[in-house]
Amino acid sequence: MLAVVHRDLLLAIRRKTEVLTALLFFIIVASLFPLGIGPEPALLRKIAPGVLWVAALLATMLGLQRMFAADHADGTLEQMLLSPTPLALLVAGKNLAHWLVCGLPLVLLAPLLGLQFDLDAQALGVLTLGLLLGTPVLSLIGSIGAALTLGVRGGGVLLSLLVLPLYIPTLIFGAGAVQAHAAGQGAGGHLSLLGALLVLSVFFSPFATTAALRIALE
Amino acid sequence: MSNGIVHWLKFASPASFYPLAGRMIPWFTALAVLFGVAGLWVSFFVAPTDATQGEGYRIIFVHVPASWMSMFIYLVMATWAGIGLALNTRLSAMMAQALAPTGALMAFLSLWTGAFWGKPMWGTWWVWDARLTSELVLFFLYLGFIALQAAIDDPRRADKAGAILALVGVVNVPIIYFSVKWWNTLHQGASVSLTRAPSMAQTMLWGMLLMALCFWMYAVVMALKRVRAIILEREAHTEWAQQFAQVPA
Amino acid sequence: MLRGIDLACVRGERPLFRGVDLAVDAGEWLHVRGANGAGKTSLLRLLAGLSVPAAGEVRWNGEPIAAAGAAYRRDMLFLGHQGALKDELSALENIELAGALDGAPPAPADVIAALRRFGLQGREDLPVRVLSAGQKRRVLLARLLTRKAKLWVLDEPFNALDAKAVDMLSALIAGHVGEGGMAVVTSHQAVPVAGGKAVDL
């Protein structure tokens with residue numbers, strides 16, 4: 001499994017532009033909201049969790065198609081299906097690599113963007129922790145959609161339609177954590193639920209993804 | 001006993017199910033009309049005027065049954081899709097494909113009637129209460145299923161991919177509903193809720209049940225009709241289907 | 001050994017072929033022939049286990065390949081139409097990482113020796129992107145050498161190879177079969193390896 005992560009990371013390093021595009025998208029989208037809504041700090045503080053989470057969702061979705069498409073095009077995905085290593089393990093490796101390249105940078109960048117919205121240090125902490133727990137879930141669930149739409153016409157938009165409804169719980173708990181903290185109620189409940197979602201996705205989504213991959217390559 | 005099973009399994013083939021479905025349609029149509037008439041009569045003439053909401057509340061006799069059916073149909077659709085995936089049967093997958101548009105229609109009807117109920121009652125066309133929001137998400141899940149199957153050219157791949165999506169959806173629907181409910185209770189700004197329906201007089205419940213049965217029968221009729229069309233389309237190259245060809249040889 | 005019993009394949013809702021029987025024992029190789037679109041690639045994908053036959057089954061050492069699972073995949077190497085090479089990685093990295101993915105990373109020295117044998121010395125560390133089509137196919141030949149497998153399933157392996165490389169590949173297949181290995185090959189041209197059976201689709 002580590003070989004897969006190793007390979008994908010090597011590829012990401014050599015194809016830096018793709019990685020950076022998603023990151024820039026995150027930054028730009030998050031910056032667009034204050035421009036559209038107005039610079040009033042109290043309002044920005046209120047919308048910050050939602051805006052940053054939605055921007056993270058959309059940025060992750062941009063990178064989802066890439067998860068399997070390149071491998072499918074050059075035949076390496078076929079080789080993965082034919083490898084003696086269990087496919088679920090290889091898929092988990094791909095998901096991990098995707099998160100390291102697309103999700104982790106968002107987590108690291110979020111506190112900086114949160115400052116743009118005048119969030120205080122503790123709120124930033126809750127936001128970052130939430131994203132740390134939630135972005136892997138996005139990669140895991142998103143990989144199911146990426147596998148289902150592999151090589152299908154209209155892939156990108158279709159992928160969004162399939163995956164965004166499934167992202168809603170993560171969005172609600174992640175943004176809700178920061179809002180709960182701001183309301184003085186403590187973010188513990190939300191963050192535990194995010195953790196639960198993470199555990200569930202780690203155990204179940206690779207199987208759905210492998211089933212979808214086998215179907216795509218039949 | 002084994003004779004009985006063999007007898008039923010014969011209908012797992014699209015070719016033999018086609019005429020059976022055709023014979024079933026008129027019966028279910030009759031039931032749908034029967035329940036519909038009874039339900040509408042109860043809704044309009046028997047159920048009492050509500051103390052707080054006047055006559056306008058009667059739209060729940062469409063709204064609630066539509067919601068029930070949208071969720072029920074999703075479950076049935078996912079079950080058929082799952083069976084099709086597990087047993088590699090084509091007809092099960094065709095049933096799932098046939099059910100999806102009707103389910104989506106029910107979800108849409110539920111949303112539409114929800115809006116029409118909300119406007120005179122609370123002044124807004126849309127209320128972000130837990131049930132309506134979950135209904136919206138369910139509508140998106142239906143659309144996703146239909147879009148995925150439409151986008152994939154190979155019918156067998158479309159069947160199986162749709163099945164996975166439906167099963168993933170079924171698992172996620174409770175999670176989504178729970179999270180939306182959580183979200184809604186936290187943001188108790190506007191304390192309006194379509195779930196706080198008028199206290200149920202017996203007759204109101206009867207009205208809703210009858211309308212639900214009507215919608216159920218309607219869904220069966222539409223699914224049967226649609227599956228017949230799907231069968232013909234997918235089996236067009238076989239001999240038995242050629243007899244239905246409209247174009248003269 | 002490999003057995004295909006009464007195999008049938010369907011693409012979309014149309015049948016491609018049916019009733020195909022084949023057997024490949026140790027030391028034998030099979031040439032799958034047929035016109036374009038007859039289903040040669042589909043048959044090979046059935047044998048590799050990528051798709052499930054509409055009828056019949058594929059058996060490896062008496063066991064259906066679905067049941068044999070990882071054990072079959074360890075003994076089998078499939079090379080499809082596409083190169084299965086990552087353009088941004090070097091030839092060396094491609095083969096090493098592919099081997100690691102299969103759970104059997106080859107020793108770097110072996111990989112370099114294999115690449116040298118196929119005329120790629122000095123190009124082991126260049127990104128595959130800059131190699132010519134023929135050179136890319138030669139990298140795959142090196143993979144055939146370094147990834148030990150009893151059964152080779154090769155789809156149009158002679159594509160894009162020049163005369164010298166064709167000779168190299170033929171020698172490779174002959175050597176593999178001579179040592180008791182097995183191969184299933186599709187090719188439009190005659191395959192210059194002795195002692196092959198044939199299946200026509």
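Student: How many residues does the largest nonpolar core have, and which have the most contacts inside it?
Tutor: This is a predicted model, in which local features need pLDDT of at least 70, side-chain atom pairs count only at pLDDT 80 or more, and totals for chains, interfaces and linings use all residues. The largest nonpolar core has 203 residues, and those with the most contacts inside it are Leu52(A), Ala212(A), Met77(B), Ala96(B), Phe215(B) and Val153(C). Helix H7 of chain B, residues 202–234, gives the largest share of this core, 17 residues. Such a core is a set of buried Ala, Val, Leu, Ile, Met, Phe, Trp, Tyr and Cys residues joined through C-beta atoms within 7 Å. A residue is buried if 20 or more other C-beta atoms lie within 10 Å of its own, exposed if 12 or fewer, and partly exposed in between, with C-beta atoms placed from the backbone. Residues are numbered from 1 along each chain as its sequence is written, and chains are lettered from A and ligands numbered from 1 in the order in which they are written.

Student: Which residues is Ala96(B) in contact with, leaving aside neighbours within four places in sequence?
Tutor: They are Met77(B), Trp80(B), Ala81(B), Gly84(B), Gly162(B), Ala163(B) and Ala166(B). Contact means that the C-beta atoms of two residues, placed from the backbone, lie within 7 Å.

Student: And how many helices and strands does chain B have?
Tutor: Chain B has 8 helices and 0 strands. Both are DSSP runs numbered from the N terminus: helices are H or I with at least four residues, strands are E with at least two. Of its 249 residues, 43% count as buried.

Student: Moving to chain A, what is its secondary structure?
Tutor: Chain A comes to 9 helices and 0 strands, and 54% of its 218 residues count as buried. Its C-alpha trace spans about 55 × 35 × 30 Å along the principal axes.

Student: Where is the kink in H3(A)?
Tutor: The kink, of about 50°, lies at Ile47(A), shortly before the proline Pro49(A). The bend at a residue is the angle between axes fitted to the seven residues ending there and the seven starting there. Helix H3 of chain A, residues 41–64, has 24 residues and reaches 33 Å from its first C-alpha to its last, close to the 34 Å expected at 1.5 Å a residue. That expected span is 1.5 Å times one less than the number of residues.

Student: How many residues of chain A are in contact with chain C?
Tutor: There are 22 residues of chain A in contact with 22 residues of chain C. H1(A) supplies the largest share of the chain A side, 7 residues. That side divides into 10 nonpolar, 6 polar and 6 charged residues. Here Ala, Val, Leu, Ile, Met, Phe, Trp, Tyr, Cys and Pro count as nonpolar, Asp, Glu, Lys and Arg as charged, and the others, Gly among them, as polar.

Student: What about chain C: how many helices and strands?
Tutor: Chain C has 7 helices and 9 strands, and 41% of its 201 residues count as buried.

Student: Where is Gly69(C), finally?
Tutor: Gly69(C) is in the loop between helix H2 (65–68) and helix H3 (70–75) of chain C. Gly69(C) is partly exposed, with 14 other C-beta atoms within 10 Å. Gly69(C) and Gly83(C) are 14 residues apart in sequence and 24 Å apart in space, C-alpha to C-alpha.
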